Amino acid sequence: MTDEPVVDTNSAILASAARLLRQRTFEDVSYLDVAEVAQVSERTIYRRFPTRSHLLEALARWIDAEHFAISDFRTPAEFRDAVLLRFRAFDAEPAFAFVAARGAALSPTGDDVPSPITTAIVGMLEAAAPNLNRRDAMRAAATARYFASPMFWARMRTGFDMSADEIFGVFDRSMQRVLPAATPTATWAA
């Protein structure tokens, strides 16, 4: 007997968990529920996601990639536009956005590579501010990554009942303070 490729089984498990999230909270979804929907054994899920933290982290990454993939950007202005679209997507599917936020807030359980948005932000900063030293570039990238994240959106949404456009306003003002210092030759806002 041969197993399906790891990626396909993991994706089936995560898609099944996401399907269940349309009806229940993450706390109300059991490994058995996911196994039944994914048509795999409960043991298979435990082998691939040994703890609920592993499952939540992987689910958050899957949701982020499948539902909230950010548009390509190379410049600060393109990044700004992409984040506005991302916040509007979070508003359109808040249950998924909150799961993405919770999963992103966990300490990493594996040795995963940086997310595509982190890689894109670092690339944008390298192009917009090639003379920035590594430490300052990482600080600017981390700040930009946080303000574009589902965690930031979730905190503004629950703490201040803000809409996507209002949250984007906070993001925009924050980035106007961070990125001009990091990218003096680039324009942040039009």
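D172 and R80 form a salt bridge (a side-chain nitrogen of Lys or Arg within 4 Å of a carboxyl oxygen of Asp or Glu), with the closest N and O atoms 2.7 Å apart. D172 belongs to helix α10 (residues 164–182) and R80 to helix α5, so this pair ties together parts that are 92 residues apart in sequence. Helices here are DSSP runs of H or I, at least four residues, numbered from the N terminus. Both D172 and R80 are buried, where buried means under 20% relative accessible area, exposed over 50%, and partly exposed in between (1.4 Å probe, protein chains only).

This is a predicted model, in which local features need pLDDT of at least 70 and side-chain atom pairs count only at pLDDT 80 or more, while totals for chains, interfaces and linings use all residues. Residues are numbered from 1 along each chain as its sequence is written, and side-chain values use heavy atoms, with hydrogens and water left out.

The structure contains nine salt bridges, including the following.

| Pair | N to O distance |
|---|---|
| D172 and R80 | 2.7 Å |
| R86 and D64 | 3.2 Å |
| D136 and R135 | 3.8 Å |

R86 pairs with D64. Because R86 lies in helix α5 (residues 76–92) and D64 in helix α4 (residues 52–67), their contact ties together parts that are 22 residues apart in sequence. R86 and D64 are both buried.

The side chains of D136 and R135 also meet in a salt bridge. D136 is partly exposed, at 28% relative accessible area, whereas R135 counts as exposed, with 53% relative accessibility. R139 joins R135 and D136 in a network of salt bridges.

Conventions: Helices (H or I, at least four residues) and strands (E, at least two) are DSSP runs, numbered from the N terminus.
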